[in-house]
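Please look over the structure below. This report goes through selected side-chain contacts and where they sit.

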Amino acid sequence: MNCLTHSGVFKSLWTRPFFRAGNLYTWGVHSLGCGINQDSQGDQLRPRRIDAFNGNVQKVYPSEYFTAVITDNGDLYTFGNNNYGQLGLGNTEQQQTPQLVKYFRDKGLKVVDVALGSNHGVALASDGNVYTWGSANNSVLDQLLCKPNGLGDNYTNNLLQPQIVQKLVGTPKGKFVSAGINYSIIVNENNQVYVWGAGKRGELGNGCSLNFRYPELNPIFEQLTKSGYTIQKIKSCFAGTLALLNEGIVVGWGRSYYGSLGVRQQEYVVTDLENYSPTPVNLKYFQPNEKVVDFDLGYNLSLFLTDQNRIYLSGYDETYVPRPIDLPKDEKILKFSASNNSFAILTDKNFYTSNEYVIPQQKRNLGFLFKSQPKELFESTNIEQFGGGYRVRYAVVNN
């Protein structure tokens, strides 16, 4: 990490946003969990409101195969695939529509944050503990291959409902949670980073390729914290992770699909397939003195917003270093989302989408943006948030 610069004075450029609750709209691959009970198993090509919620959706996290929703009263709902108990409902039945995860309500707990891997979930609860559930990768073949899981304990059976990660009991309260295909990451209030699960492709960012059944402190972030660096935001998608540090520095680690982490030091030199340590995103292509204030990470691309109201893209096998997206200079960027093969940007004047972010488009070119008005898509212009890094996307809207 010798390429990080230390100014001696640190100031957070990004503050965790507070979103008002609203109605949930979803669209995408129906079988992966759009939350819509429909006779046809066809994909949901246009945004559709989920009737199970009535203006009370606070946080949404679609993963590769299922989706989680936190309401404004701290309840957790899940829907989608459930082969491994990853919905946390106590069974393995598929659920097309949102179902309450009763475990937390029965114990008088509110869910503060949630993240989903491909087949497991991890949550921060109001009692300060970390909970996981889902796949233990316990088949005979999984065991022979020593395949890891993101549960944080040596379970021999899948967890059909949430369980406390015992090794984290008594540690400082969690602040951020993130998860990928078979791994989990917790950042606590003392800026300690605990990681566990798959590490073969650098997913744990601890400098090695080992798998860890139990949570372990990430030693690299221990050193960064001593130098004054703290994580302001973190997000994982499949086998890669990005984190925004103070001073506008973004670091990435894990597998970088199609250049999605933006850490290549030269545009056409492959150096970022697997990164075992947090690697700074290449800011050489930014304007002088430009700092990143926010980012989003999708399956095969990422977006970076700077304090100069400019947004950069990396990935999609189109660019392997951050490149600016051409938008009108008089439009203020409000929100944005990186997804699978596409992205969207909301400004104070327009809603821009690429490829098939919202509706099927013929042109397959990230450089070509479609322009529309949110009201045409969501029956309102009051979009609180939108996203989805895989093939199911969502928007929370105040109608």
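## A buried salt bridge

In this predicted model, Lys233 and Asp294 are both buried. Their side chains meet in a salt bridge, at 2.8 Å from N to O. The pair links distant parts of the chain. Lys233 belongs to strand 15 (residues 231-237), and Asp294 to strand 19 (residues 292-297). They are 61 residues apart.

A search of the whole structure gives eleven salt bridges. One of them pairs Glu216 with Lys167, with 3.4 Å between the closest N and O atoms. Glu216 sits in strand 14 (residues 212-217), and Lys167 in the loop between strand 10 (159-164) and strand 11 (174-179), so the bridge ties together parts 49 residues apart in sequence. Glu216 is partly exposed, at 31% relative accessible area. Lys167 is also partly exposed, at 43%.

Another salt bridge joins Glu274 and Arg255; the closest N and O atoms are 3.5 Å apart. This pair, too, links distant parts of the chain: Glu274 is in strand 18 (residues 274-280) and Arg255 in strand 17, 19 residues apart. Glu274 is partly exposed, with a relative accessible area of 32%. Arg255 is partly exposed at 24%.

## Asn246 in its loop

Asn246 lies in the loop between strand 16 (240-245) and strand 17 (249-255). Is Asn246 buried or exposed? Asn246 is buried, because its relative accessible area is 4%, and buried means under 20%.

The Asn246 side chain reaches the backbone oxygen of Gly228 at 3.0 Å. The C-alpha atoms of Asn246 and Lys291 are separated by 9.8 Å, with the two residues 45 apart along the chain.

Conventions. Residues numbered from 1 in each chain as written. Predicted model: local features only at pLDDT ≥ 70, side-chain atom pairs only at ≥ 80, totals over all residues. Heavy atoms only, no water. Helix = DSSP H or I, 4+ residues; strand = E, 2+ residues; numbered from the N terminus. Buried < 20%, exposed > 50% of the residue type's maximum accessible area, 1.4 Å probe, protein only. Polar contact = N/O pair within 3.5 Å; in protein donor to acceptor, adjacent residues only side chain to side chain. Salt bridge = Lys/Arg side-chain N within 4 Å of Asp/Glu carboxyl O.
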